[in-house]
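Hi everyone, thanks for making time today. Let me put the structure up so that we can look at it together.

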Amino acid sequence: MSEQNAIPTVTVTDTEPRRTIAIAIDSSKYSAHAFQFALDNYLKPTDYVALINVQQYQSTVHKARSPPADTATPMEESYDILEKYSKILKAKHYEYKEVFIHPNEISVKESVVRAVATLKADALIIGSRGEAATRSALGSVSDYCAHYCQCPVLIARPNEEDSEAGLTAA
């Protein structure tokens, strides 16, 4: 075989840039579904995962009322949520970061968008309750993120069977 007709050899290297994938989580079954979807269908072993938990802003009217004694504080609830999902990522050998946000007078949706921008995330994965059509006047967090995040947003919406049967937490 002459050198003119030789097939060039291509050396494959691991030069693929590492992705930062943000996953917005809360205590809902919809977040559990989105997290599991990310594990099963989206995340690569080399990804760096940022778990984002934003606690709902409570107005001073709500702060004035004392919560029932048996309920966790927002910070304790957030810690528990982040710990639950972090354990799963650690067991699967992902590198990850926990991001807890307690916004001061800004919405959850704005907080998620700001966190994704600060992290310079390559993608955001977020759950959806499937109510965007009925809540369009108010707006939903996933819809807002889809419009305002400067990266691709994957909205992991449960299929009809999962919605009717009830989702189970991860």
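This is a predicted model: local features need pLDDT of at least 70, side-chain atom pairs count only at pLDDT 80 or more; totals for chains, interfaces and linings use all residues.

Let's begin with Lys 44. You'll find Lys 44 in the loop that runs between helix H1 (29-42) and strand E2 (48-54). Its relative accessible area is 32%, so Lys 44 counts as partly exposed. Now look across to Tyr 94: 50 residues separate Lys 44 and Tyr 94 in sequence, yet their C-alpha atoms are 8.9 Å apart in space.

Next, some backbone angles. As background, most residues other than glycine have a negative phi. Which way does phi go at His 93, positive or negative? His 93 has a positive phi, about 65°, and is not a glycine. This residue sits in the loop between helix H3 (74-91) and strand E3 (95-101). With a relative accessible area of 68%, His 93 is exposed.

Lys 120 also has a positive phi, near 55°, and again this is a residue other than glycine. Its loop lies between helix H4 (108-119) and strand E4 (123-127). Lys 120 is exposed, because its relative accessible area of 67% is over the 50% cut-off.

Finally, let's go to helix H3, where we find Ser 86. Is Ser 86 buried or exposed? Ser 86 is buried, as its relative accessible area is 4%. A polar atom of the Ser 86 side chain is 2.7 Å from the backbone oxygen of Leu 82. Leaving aside residues up to four places away in sequence, Ser 86 touches Leu 51, Tyr 96 and Glu 98.

Methods
Residues are numbered from 1 along each chain as its sequence is written. Side-chain values use heavy atoms; hydrogens and water are left out. Helices (H or I, at least four residues) and strands (E, at least two) are DSSP runs, numbered from the N terminus. Buried means under 20% relative accessible area, exposed over 50%, partly exposed in between (1.4 Å probe, protein chains only). A polar contact is a pair of N or O atoms within 3.5 Å; within protein, one must be able to donate a hydrogen and the other to accept it, and residues adjacent in sequence count only if both atoms are side-chain atoms. Contact means heavy atoms within 4.5 Å.
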